[in-house]
Amino acid sequence: MKYRFLFIIVGIWFCELHSQIHENLYKIDSIQNVLSAYKLNDPVFIANQHFKIGELYRNSLLSDSAYFYLQKSEKVYRNYNHKYELAIALYGIAVCQTYDKDYTGSEVTSIESLTILEGLDENNNVNLYKAILYNNLGIVFNELGQFDESVKYHNQALKLKENLNGDFIKSIGLSQNNLGYVYKNSGQYDLAIEKFKEIFSNEKLIKNYPVVHVLALGNYAHTLFLSKKHEELPKLYLDALRICDSINDSYNSIIIHQHLAEYYNDKNDKDSAKYYAYRAKKISEQYNNDDLLKSLLLLSNIEQGSLAVKHLKDYIKLNDSIQKSERSKRNKFARIRFETNQKEQENIQLSRERTWLLIISAVIILASFLIYVIINQRNKNKELKFIQQQQETNEEIYNLMLTQNDNIEEARTVEKKRISEELHDGVLGRLFGTRLSLDSLNMANSTEAINTRGQYIAELKIIEDDIRKVSHELNTDFVSGSGFLDIIKTLVENQTKAYKLKYELQHNDDINWEEASNKTKIHIYRIIQETLQNIYKHAQAKLVKISFDIKNSVFCLTISDDGSGFDVNKAKTGIGIKNIKSRVSEIKGDLSINSEKNKGTTIVIKVNTT
């Protein structure tokens, strides 16, 4: 025979209900007095107070009043998009619907609340409300006879509770009892027994929370009864009753009295069965109609004759009254949901209109932005074209500069050769003739003449050697290509000075720049110029090192800095790097860039000279 699971759960705190109701009603009066005393213009504050009142009514099992206040707060939270507060208000409404057996409505409301909570950042409170919403869904599906769904939701609730921060040992024990209860209702007695024994093995839970012990013990005993394992009965029932007496829990004793009446009736011990059935009826009259209804039906089966008929009639009358009341409440909830849905539809329509307005505005803004981008891009293209033309002009100037430098070097060589020939053929010849004349005059025998001539001759020899040396040096040309290296030095000196950088320039004298084409020289010049500019703009460096080397007919240019560096794989390729790559490609070279954050960047360019 199926029992109302909902009211078993309510029973874990029902023993304190009367004092709680008085306390809750006092708190409700206090809150309402505050709302009446002050003219408040803060809808959210008022909604918070309505939520508190609704929760107090709900904890007092006054679901009509609870629903009224919770629904008022829910509307405000929804309008102001307070998602967390909306979710817990919906949870309160869902529980009220479960109290009044509007299981379909409770399912819909619970799912909506869970959906909102799923969209929030996870924290302890959010996960706690998820757990109790899953617990409510487990109760709902158990009442609807969908036991697999009920087990699924109770397991989800249990999993969340086990991962909460704080002391939730009692709540976890209740979820374990819920699972055992569903297994019992679905006829899976072995699983139910296993779950109840899991509760009994938790000494801390049994010791500190006897009300959970009572629930589990009563359900465990009834599971044994249903599975025809009566060895420990009625002892377990009586143990449960003793615990109820010790904690003054008369509400949970109703179910145990009913189970004892069933047990003794099954054993054909009518006196004991009647005793416990009437005890259950008397206690249930103080609480709720569902337990009283069950007690009347039980008595109609135990009693005989006119008494059985009387209890059956009372049962039918009370059952009809309960059904009408439940139907009325479900209809009221349905009307409220309909009105709420109507309001939501109006809000959806307004939202659609706003959405279209936003879309049109966005299209206009986007079109304006695209027009701006197009115009701006055209201007940039013109600017780039001008820069390109300027660059081409610079290259032409540089070519002329290199050509002029070659002409100067050629003129310098011709001039040096002319001076050398002049010295050798003119001055040196005359000096040589003078020396011969002096040699001939040296035949004079006077000591003074001999000494004087000897001094002139020695001096003329010195002049001759000096002129020969100058002639030889003048006739030896400067290092090939030294003009291009001078240009590079000038570029590096000027740019590093402007950028406030220190520099080191190294050059391998084996490089013959005369063999390199003007195109190669131009690109090398521009690469160094572009790299120095990039270092200044992006690297925040203090020192730059530039070196020229040649190995196995491969020319190598290395430029490194001690700047901030960058991630080569992730960094976007800027126009500077693109230009360098383009120039390296033009001279058919290889480019490698190595960089580490905070360690600097090294660029290596290799060009085959053969």
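The following dialogue explains how to read several features of this predicted model.

Visitor: What kind of model is this, and how are its residues numbered?
Guide: This is a predicted model, in which local features need pLDDT of at least 70 and side-chain atom pairs count only at pLDDT 80 or more, while totals for chains, interfaces and linings use all residues. Residues are numbered from 1 along each chain as its sequence is written, and side-chain values use heavy atoms, with hydrogens and water left out.

Visitor: How many helices and strands does the protein chain have?
Guide: Helices (H or I, at least four residues) and strands (E, at least two) are DSSP runs, numbered from the N terminus. In the protein chain there are 21 helices and five strands.

Visitor: In what order do the strands stand in the sheet?
Guide: Strands of a sheet pair through backbone hydrogen bonds, either parallel or antiparallel. Here two strands are taken to pair if DSSP finds at least two bridges between them. The five strands form an open sheet with mixed pairing, in the order S1-S2-S3-S5-S4. Strand S1 (502–507) and strand S4 (590–596) are at the edges; each has a single partner strand, so one side of each is left without a neighbour in the sheet. From one strand to the next, the twist averages 10°.

Visitor: In which sense do S1 and S2 pair, and in which do S2 and S3 run?
Guide: S1 pairs with strand S2 (residues 543–551) in the parallel sense, over six bridges. Lys-502 has Leu-543 in S2 as its bridge partner, and Glu-504 has Lys-545 in S2. S2 and S3 run antiparallel and are joined by eight bridges; in S3, Ser-560 is the bridge partner of Lys-545. S2 and S3 form a hairpin with two residues between them, and Asn-552 in the turn has a positive phi of about 50°.

Visitor: Which helices lie across the strands?
Guide: Angles run from 0 to 180 degrees between N-to-C directions, and axes are lines fitted to C-alpha atoms, for helices over the stretch in contact. Contact means heavy atoms within 4.5 Å. Helix H20 (residues 518–539) lies across S2, strand S3 (554–561) and strand S5 (600–608), and runs at about 15° to S3. Helix H21 (residues 575–586) lies across S4 and S5, at about 150° to S4.

Visitor: What is the hand of the unit made by S1, H20 and S2?
Guide: A crossover is right-handed if, with the strands pointing away from the viewer, the path from the first strand over the helix to the second runs clockwise. S1, H20 and S2 make a left-handed β-α-β unit.

Visitor: Are Lys-228 and Lys-588 buried or exposed?
Guide: Buried means under 20% relative accessible area, exposed over 50%, and partly exposed in between (1.4 Å probe, protein chains only). Lys-228 counts as exposed at 64%, and Lys-588 counts as exposed at 76%. Of the 610 residues of the protein chain, 43% count as buried.

Visitor: What does Ser-150 touch?
Guide: Ser-150 is in helix H8 (residues 147–162) and is buried, with a relative accessible area of 0%. Not counting residues up to four places away in sequence, Ser-150 touches Gly-138, Phe-141, Asn-142 and Val-182.

Visitor: How many disulfides does a search of the whole structure find?
Guide: A disulfide is a covalent bond between the sulfur atoms of two cysteines. The search takes a pair of cysteine sulfur atoms within 2.5 Å as a disulfide, and it finds zero in the whole structure. Among the cysteines, Cys-96 is buried at 0% relative accessibility, and Cys-244 is buried at 1%.
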